[in-house]
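Please look over the structure below before reading on. The briefing covers domains, core packing and a few loop residues.

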Amino acid sequence: MADEGAVPVAAIVGELGGAEVAASGAASVDGYAVSGDSVRGAIEALMLIEPMGARDDGAVLRLDAAGAAPVTIAAGDLGANGGERRMVRREEAAQGAGKLPDEISITYYEPDRDWQAGLQRARRRGGAVRTDARELPAAMAAGQAKAIAERELGRVWTERRGLKVMLPWRYLDLRPGMAVWSLADALWVYRVDDDWAIGELPVAKVIIGGNPVLGARRPAISDPAGGATIDVQARNAIVGLLDAARAHGLISA
């Protein structure tokens with residue numbers, strides 16, 4: 001992609017993803033060469049320039065350099081379990097240092113050198129035994145490429161340690177219409193707007209086998225009264241049916 005002046009990475013992502021992707025961020029480059037056989041591959045290459053968190057908001061895939069807002073976890077929620085036995089509150093794991101790179105190198109295009117290929121490295125203390133070479137099809141200043149290499153080296157070593165916690169379902173990113181099973185209530189709990197409905201699901205009608213069996217509430221029906229011939233047993237049965245229909249909300253009271 002070629003434009004006059006710097007081009008925001010978020011704008012390039014938006015151009016590649018079209019109406020299905022929305023991105024926001026602050027980083028920019030002097031040029032970017034789109035290659036590969038997939039939009040995903042082209043966008044993933046841009047994440048090296050400006051890492052972005054991804055989330056599906058139900059309409060588009062949103063990529064945000066700021067990332068999601070931090071969530072405060074109550075100490076009592078750690079180790080949540082569906083049964084009576086408490087789970088381990090937290091599990092930590094670390095990847096062996098021998099599998100991580102000692103050096104990360106970035107190849108890129110440098111406008112100040114007539115757009116020739118440039119190379120920047122970031123290295124841990126001591127000699128580099130394992131090198132991770134990254135190709136970045138973008139044009140940028142040497143300082144920006146150097147900063148990317150240093151950030152990536154720091155990231156891979158920071159992320160070598162992982163933490164897993166077991167939390168209640170309330171921490172799930174559930175959108176309206178989604179449901180979870182409540183063990184305490186033995187009912188489905190549905191997400192409605194910004195609240196939860198326990199055992200209640202708003203619908204327009206219920207269809208079984210292609211046939212509508214329940215719909216909107218019908219108008220009120222009066223109990224039978226008057227008439228020249230009165231069948232007490234029939235009237236009692238009709239009143240019972242009407243009371244049941246009112247109790248179930250099928251007709252207005």
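Predicted model: local features only at pLDDT ≥ 70, side-chain atom pairs only at ≥ 80, totals over all residues.

The domain assignment divides the protein chain into domain 1 (7-65), domain 2 (71-95 + 161-198), domain 3 (97-159) and domain 4 (217-248).

**Domain layout**
- Domain 2 is listed with two segments, 71-95 and 161-198.
- The centres of domain 2 and domain 4, taken over C-alpha atoms, are 48 Å apart.

**The α1/α2 pair**
- Helix α1 spans residues 9-17, and helix α2 spans residues 39-46.
- The two helices pack at an angle of about 175°, and their axes are 10 Å apart.
- An angle over 145° counts as roughly antiparallel, so α1 and α2 are roughly antiparallel to each other.
- On the α1 side, the contact uses V9, I12, V13, L16 and G17.
- On the α2 side, V39, A42, I43 and L46 meet them.
- By class, this contact has eight nonpolar residues, one polar residue and no charged residues.

**The largest nonpolar core**
- This core has 32 residues.
- V9, V13, L46, I49, L136 and M140 have the most contacts inside it.
- At least two core residues come from each of α1, α2, β8 (103-110), β10 (131-139) and α3 (142-158).
- Helix α3 gives the largest share, six residues.
- V9, V13 and L46 also take part in the contact between α1 and α2.

**Contacts of M140**
- Neighbours within four places in sequence are left aside here.

- Most residues other than glycine have a negative phi.
- D114 has a positive phi of about 55° and is not a glycine.
- D114 sits in the loop between β8 and β9 (116-123). Its relative accessibility is 65%, so D114 counts as exposed.
- A186 also has a positive phi, near 55°.
- A186 lies in the loop between β12 (179-182) and β13 (187-192). Its relative accessible area is 47%, so A186 is partly exposed.

**L201**
- L201 is in the loop between β14 (195-198) and β15 (206-208).
- L201 counts as partly exposed, because its relative accessibility is 47%.
- L201 and S24 are 177 residues apart in sequence. In space, their C-alpha atoms are 36 Å apart.

Note on methods
Residues numbered from 1 in each chain as written. Heavy atoms only, no water. Axes fitted to C-alpha atoms, helices over the stretch in contact; angles between N-to-C directions. Helix = DSSP H or I, 4+ residues; strand = E, 2+ residues; numbered from the N terminus. Parallel < 35°, antiparallel > 145°, perpendicular 65-115°, else oblique. Contact = heavy atoms within 4.5 Å. Nonpolar A, V, L, I, M, F, W, Y, C, P; charged D, E, K, R; others polar. Core = buried A, V, L, I, M, F, W, Y, C linked by side-chain atoms within 4.5 Å. Buried < 20%, exposed > 50% of the residue type's maximum accessible area, 1.4 Å probe, protein only. Domains from an automatic or database assignment.
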